[in-house]
Structure formats: structure tokens, C-alpha cells
Amino acid sequence: MQTYDLSGGKLCDTLPAALRADILSGAIAPGEKLPSKRRLAEHHGISINTVQNAYEQLIAEGYIESRERSGYYVSDLPTSLSSSALPPVGEEVTEQAPPVWLDLVTNTPDGTRFPFSLWARLMRRVLTEEGEALLAPLPAAGAPALQSAIAEYLRHGRGIAVEPCQVVIGAGTEYLYHLLLQLLGRERVYGLEDPGHSKIARIYALNGVRFRPVPLDEGGVCADAPERLGIEVLHISPNHHFPTGIVTPATRRRALLAWMGQGDRYIIEDDYDSEFRFTGRPIPPLFGMDTADRVIYMNTFSKTIAPSMRISYMVLPKPLLARYRQQLGFYACPVPAFEQYTLARFLREGHFERHLHRMRTFYRTRRDAVIALLQSAPFAARIRIKEADAGLHFLVELKIDRSDGELRSVLEKGGIRVAFLGDYHIEKKEGKTDTHTIVLNYSGVEPERLAEGIRRLCETL
């Protein structure tokens with residue numbers, strides 16, 4: 001009989017773990033009879049109840065089975081469940097990947113600039129002044145105080161007039177995408193920008209929605225593409241497209257609105273990242289040009305405040321409000337009331353706009369520092385910087401013979417993580433794979449690493 005080392009933990013954990021490991025490794029074969037409870041207990045000097053609990057645990061997990069008046073036998077497990085496919089007991093599964101020294105992919109806002117003391121004061125005021133409102137159920141669309149504050153901000157900050165009742169608050173844009181798919185219908189054909197945010201395509205695919213990649217040109221979504229592809233709902237980011245940085249001009253916007261006006265069609269306008277514009281004023285949203293009441297405006301506070309601030313919102317056209325209340329009004333708002341009331345005060349008292357102004361100045365300085373380092377590098381003649389006037393990223397076009405895959409591999413070995421424009425294409429077509437264009441996200445780059453990172457890029461290029 002096998003003797004197990006049952007030290008170093010609770011018997012209720014170590015005994016079933018040891019038996020499980022022997023079964024998976026093949027030391028105890030499928031169909032083999034296990035020792036009786038009394039015999040195994042006497043062999044290890046433990047109680048029968050401990051063995052009984054271990055056997056019951058393994059039965060529940062499907063590793064063994066009990067046969068009446070016969071005993072316990074090992075189940076016939078699939079061959080894929082072998083010791084080579086599972087980690088040894090007690091060891092962590094770790095993904096073997098080169099350590100990342102400089103991450104140019106993740107666009108994380110700089111948290112050191114957030115006004116924590118001010119936010120804490122607002123939270124204390126909410127606790128003392130809102131009282132029972134914090135414990136009361138919220139309407140499905142969110143706290144009226146935050147709806148009003150967002151509507152006021154949009155009027156002054158984005159130049160669009162909306163009523164508070166049109167604002168629907170959600171825990172991140174992903175949640176709002178799910179709501180929209182239910183509201184507009186999964187049977188429709190949706191159009192997604194190609195290239196574009198891969199997460200949106202994944203959400204649509206998981207919901208069983210038909211969607212088609214819509215090609216872009218220098219003005220954004222090609223004007224004839226939605227009609228040609230049979231699109232019914234067009235999901236776009238015309239004010240600052242990610243990852244290309246394209247701003248859709250007024251003529252193209254009017255063409256898209258004209259397409260939308262023919263039939264029961266909608267445009268979902270994602271205003272992601274548009275607040276950070278470094279030349280001129282932010283581009284007015286398409287929502288403000290819509291006379292057919294079929295543009296749905298979306299935005300989030302994850303970039304302007306913090307990723308952990310899982311508060312996003314959409315503005316529904318008035319004709320959709322009744323349908324939303326009838327079909328989706330039973331949903332509970334997923335954002336805690338405490339956070340909503342605090343953010344409402346942050347917006348209403350002007351702190352948000354002051355914070356935005358400070359962050360624009362900060363990111364402009366950081367962007368200029370990154371560009372200056374690139375332009376003074378030995379390989380400066382072999383690069384072209386594009387779309388650097390807005391957002392927290394820009395494009396670096398390379399004149400290089402290596403494929404994107406080869407270049408990525410070399411950079412990762414040097415601890416530099418990068419993404420190429422071709423990575424964001426929904427359709428991987430011949431000629432699109434190697435774009436030789438890096439999408440350089442700079443918001444989360446630590447300043448002290450910039451110069452060293454550029455030096456490593458020089459060695460690679």
C-alpha cells in the first residue's frame with residue numbers, strides 16, 4: 001500500500017490531493033480498487049472519518065466511484081487528464097514569457113496625477129450629506145444626480161445638448177455594448193471599423209451577432225462601405241479613431257448621416273479618448289449633427305480619471321428611450337450609488353474639467369518628450385511619426401526590411417513590448433499583416449525609462 005506524506009497541511013486537503021495526484025499520474029490505474037477506509041486509516045494512523053471525507057471529495061470530483069458492498073474504485077478518466085497536462089500538486093502555473101521592461105502597448109493613465117485628497121473630501125461629504133439616498137435602490141439608468149452632471153458636462157464640454165433622462169450609466173463600456181445589442185437586436189448586421197478595438201469584435205462574436213469589418217481610408221470609414229456591405233448598425237469612433245488616430249472630416253460625417261437616414265439604421269458613436277486633443281479644441285461629436293435621432297453616443301471615465309473607475313455612459317436618442325425602459329428597465333444599475341454620487345459632485349463642481357486641463361498639459365509634455373527622443377535617435381531618418389495631435393498614442397511608421405513578427409520578437413527579447421497596426425485588423429488579409437507601423441502608447445511609460453527604451457530601440461533598428 002502506498003504511504004503518503006500527509007505533513008505540511010490539513011489532512012482534509014493533503015490526503016485527497018495525494019490520492020488525486022497518484023490517479024492522474026497513473027500510479028493508481030483506472031478500475032483499480034482502493035484500500036478500505038479502515039485499512040488506509042490504520043496504515044497512516046488517522047481517523048476513519050478523515051479517509052471517508054477524502055473518498056467522498058474524490059467521488060464528487062469524479063476521480064473515484066463507490067460500488068455497493070464492494071468498495072471504492074478509480075474511475076476511467078479521459079487520457080487527456082495526465083500528469084503531463086497538469087501541474088504538480090502545490091506548484092503554481094506560470095506563463096513563460098520574457099519579462100517586460102518597457103510596455104508600449106498598455107495605455108494606463110498616470111495615477112500619480114489624480115487628486116486623491118479632493119476625491120476623499122468629496123466621498124466624506126457624500127457620506128454625511130446624501131444619507132439614506134446611498135441605501136435606496138437606483139433607477140436602471142443610474143443616479144439622477146450623475147445623469148444631470150453628465151448632461152451638463154456634455155453641454156459645456158462637448159457642445160451637445162441632451163436631457164438627463166437620455167443618459168444611461170453602466171459599469172464599463174462592455175456592459176453598455178451588451179445592453180445595446182439587446183436594445184437594437186442581435187438579428188441586425190453590425191459594422192465595425194477595420195482596424196479597430198479587438199475587444200468590440202470579441203463581444204459581438206460572443207453574443208452571436210453578425211458583424212462585418214468596414215474598411216477605412218484617410219477620412220475614416222469609407223463612405224460607400226456601409227451600404228455596400230449591408231450594414232444596419234455602424235459602430236465608429238469618428239472623433240479620434242483607435243488605433244489610426246484618424247479624425248473623420250465634416251463631409252464624410254454628413255455622408256454617413258445621410259446613409260443612416262435611409263431606413264431603420266443606427267450609428268453607435270464611441271467618443272473614446274477624444275478629450276485629449278493637443279491642438280485646437282476637441283472635435284464636436286457626430287451626435288450633435290444628427291437630425292434623425294438615431295446616433296447613440298458613448299463615452300467612459302476610464303481614461304480621463306482611472307481604469308478602475310468602471311463608470312461609462314451612453315446617450316440614447318429620445319425615440320429609443322421608451323423602448324429602453326420597456327425592454328431593459330428591469331435591469332439594476334451595476335454602478336454603486338456611492339461612486340455615482342461622488343463622481344456627480346466631481347463633475348458638477350468643476351473638478352473634472354480642471355483635472356482634464358492638468359492632464360492634457362501633462363500628457364502633451366510626455367508626448368513631446370517621447371517624440372523628441374525618437375527624432376534625435378540615430379534611426380530618426382528611418383521613421384515617420386503620424387497622428388500625434390490627440391489621444392494617448394501615436395503611430396511610428398518604420399522603414400525596415402524585417403517583418404513585424406521578426407521585429408516584435410527581437411524587441412520582446414530586449415524587454416520592449418509593442419503592438420503593430422496590423423494587430424488591430426479584424427480581417428487578416430495578405431498585405432495587411434506587415435504594416436511596419438508601431439502603435440506607440442505612451443501614457444503609462446515611466447519617464448526615467450524613456451531614454452533607455454529609445455536606446456534599446458536604436459540597437460534593434
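**Strands and salt bridges in a predicted model**

Three strands make up an open sheet with antiparallel pairing, in the order 12-13-15. The model is predicted.

Visitor: Which are the edge strands of this sheet?

Guide: The strand order is 12-13-15, and the sheet is open. An edge strand here pairs on one side only. That gives strand 12 (383–386) and strand 15 (437–441).

Visitor: Which helix packs on the sheet, and what angle does its direction make with that of strand 13?

Guide: Neighbouring strands of the sheet are turned by 25° against each other on average, direction ignored. Helix 12 (residues 351–375) packs on the sheet and touches strand 12, strand 13 and strand 15. Its direction and that of strand 13 make an angle of about 10°.

Visitor: Which residue in strand 15 stands opposite H393?

Guide: Strand 13 covers residues 393–398 and pairs with strand 15 over five bridges. The sense is antiparallel. Opposite H393 stands N441.

Visitor: Is strand 5 largely enclosed or exposed?

Guide: Side chains in a regular strand alternate between the two faces of the sheet. In strand 5, V189, G191 and E193 are buried on one side, and Y190, L192 and D194 on the other. Six of the six residues are buried, so strand 5 is largely enclosed by the rest of the structure.

Visitor: What is the handedness of the crossover from strand 5 to strand 6?

Guide: Strand 5 and strand 6 (residues 210–217) are parallel and share six bridges. G191 has R212 as its bridge partner in strand 6. Between the two strands the chain passes through helix 7 (residues 198–206), and this β-α-β crossover is right-handed.

Visitor: What is the bridge partner of Y190 in strand 8?

Guide: Strand 5 also runs parallel to strand 8 (residues 233–236), with three bridges joining them. In strand 8, Y190 has as its partner V233.

Visitor: How many residues apart in sequence are the parts tied together by E349 and R125?

Guide: The two side chains form a salt bridge at 2.8 Å, N to O. E349 lies in the loop between helix 11 (337–348) and helix 12, whereas R125 lies in helix 4 (residues 116–130). The pair therefore ties together parts whose separation in residues is 224.

Key. Residues numbered from 1 in each chain as written. Predicted model: local features only at pLDDT ≥ 70, side-chain atom pairs only at ≥ 80, totals over all residues. Heavy atoms only, no water. Buried < 20%, exposed > 50% of the residue type's maximum accessible area, 1.4 Å probe, protein only. Helix = DSSP H or I, 4+ residues; strand = E, 2+ residues; numbered from the N terminus. Pairing = 2+ DSSP bridges. Right-handed = clockwise from strand over helix to strand, strands pointing away. Axes fitted to C-alpha atoms, helices over the stretch in contact; angles between N-to-C directions. Contact = heavy atoms within 4.5 Å. Salt bridge = Lys/Arg side-chain N within 4 Å of Asp/Glu carboxyl O.
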